[in-house]
Amino acid sequence: MKILILGGDGFCGWPASLHLSDIGHDVMIVDNLSRRRIDVELGVESLTPIATMEERLQAWSETGGRPIEFVNLDVAQDYDGLLELLQTQRPDAIVHFAEQRAAPYSMKSPRNKRYTVDNNTNATHNVLCALVDSGVDAHLVHLGTMGVYGYGTAGMKIPEGYLDVQVTTETGDQVDQKILYPTNPGSIYHMTKVLDQTLFAYYAKNDKLRITDLHQGIIWGTHTDQTLRDERLINRFDYDGDYGTVLNRFLMQAAVGYPMTVHGTGGQTRAFIHIRDMVRCIQIALENPPANGDKVKIFNQMTETHRVRDLAELIAKISDATVAYVPNPRQEAAENELHVTNDTFLDLGLNPTTLSEGLLIEVEDVARKYAERADLDKIPATSLWTAQQQPGVPEQLPVH
């Protein structure tokens, strides 16, 4: 297949691009390099050294990879450029990662909130509109988030996108309906993903676009088989309070001897998936497209759930680290359960990488290798969810 990877320079897009190229697809990366500019804005870099896009692609070619083309294009702002690209390339599939992906970053300030909504919503709608405008029948695979559901459960496993309900009419008849599972976004970022799935439902219904929406859990891990081939191919390892995912943050903190910062009670249950499984899920989704006229396919892209404090205690046990409980900057319940259905990917052949101690040590070794690059001042989370919360994070961390 000829595949456009929108946002192919990012944390998910880069390893997915290499994986798809490695299994024989013709890959073109489309990216405006905004994630690199956000690093400059925040004054922090990936713990792992990230080569320029030119160096990355050269390294991929030198290690035997199929050539990957790169187009510097802002999908959210340059609609004409996007439309021309679709008309000239006529891809078989598009993988859409081109969104600002961090919930804390989306909550930092009014400017960050507006940027996240403008960028994410425009990017998604531009892609959908351009597919209709160009007449290109490409399967669109979008990376969404489990966060569209919120972080609780209604006493049942969260289904894959749709909920079967029964409606009682005025005459007392029972009518069966299938609706999108009710959303409950926890941040501006998550809200944009809710808007995405509404846009997808409309365009699938109205224009018969073929769309798969992947509601993904938190990614952990750094390496895939492809990124291990050359250090210039290494993936991002974000550890800062805005972009660092909870598990990678814990691993880096343990590696440098910084108390692992658990927000609130640590009773929040989160869904997780290893980065190797993420790229495999993208492949599986591409190989199993919906037909024209089908509803949007929605998969829950996760492999297991864990309570945050349990992860911290596990890492503390294997790395002799300490755990610090700090105020939670998020507006969420102190404790929650999370039960999720993920049958589709398992039925289609995914063999999950479980979060075992051996793999945690492997990721921790990455953190230790590059520990000298860490800026400890960037570890605390400073983005606050409401105006009522007290600013800042205590300098003296209560150690557990």
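**Strand pairing, cysteines and backbone angles**

Strand S1 (residues 2–6) and strand S4 pair in the parallel sense, joined by four bridges. The model described here is predicted. Within this pairing, Ile5 stands opposite Val95 in S4. Strand S4 (residues 93–96) also runs parallel to strand S5 (residues 139–143), and four bridges join the two. Here His96 stands opposite His142 in S5.

In a regular strand, side chains alternate between the two faces of the sheet. Strand S4 shows Ala93 and Val95 pointing one way, with Ile94 and His96 pointing the other way. Ala93, Ile94, Val95 and His96 are all buried.

The structure contains zero disulfides. For a disulfide, the two cysteine sulfur atoms must lie within 2.5 Å. The closest cysteine sulfur to that of Cys12 belongs to Cys281 and is 11 Å away, which is too far for a bond. Cys12 is buried, with a relative accessible area of 8%, whereas Cys129 is partly exposed, at 27%.

Most residues other than glycine have a negative phi. Leu33, which is not a glycine, has a positive phi of about 60°. Leu33 is located in the loop between strand S2 (26–31) and helix H2 (34–42). A positive phi, near 60°, is also found for Lys208, a residue other than glycine. Lys208 belongs to the loop that lies between helix H7 (188–207) and strand S8 (211–216). Lys208 is partly exposed, with a relative accessible area of 47%.

Technical notes. Residues numbered from 1 in each chain as written. Predicted model: local features only at pLDDT ≥ 70, side-chain atom pairs only at ≥ 80, totals over all residues. Heavy atoms only, no water. Buried < 20%, exposed > 50% of the residue type's maximum accessible area, 1.4 Å probe, protein only. Pairing = 2+ DSSP bridges.
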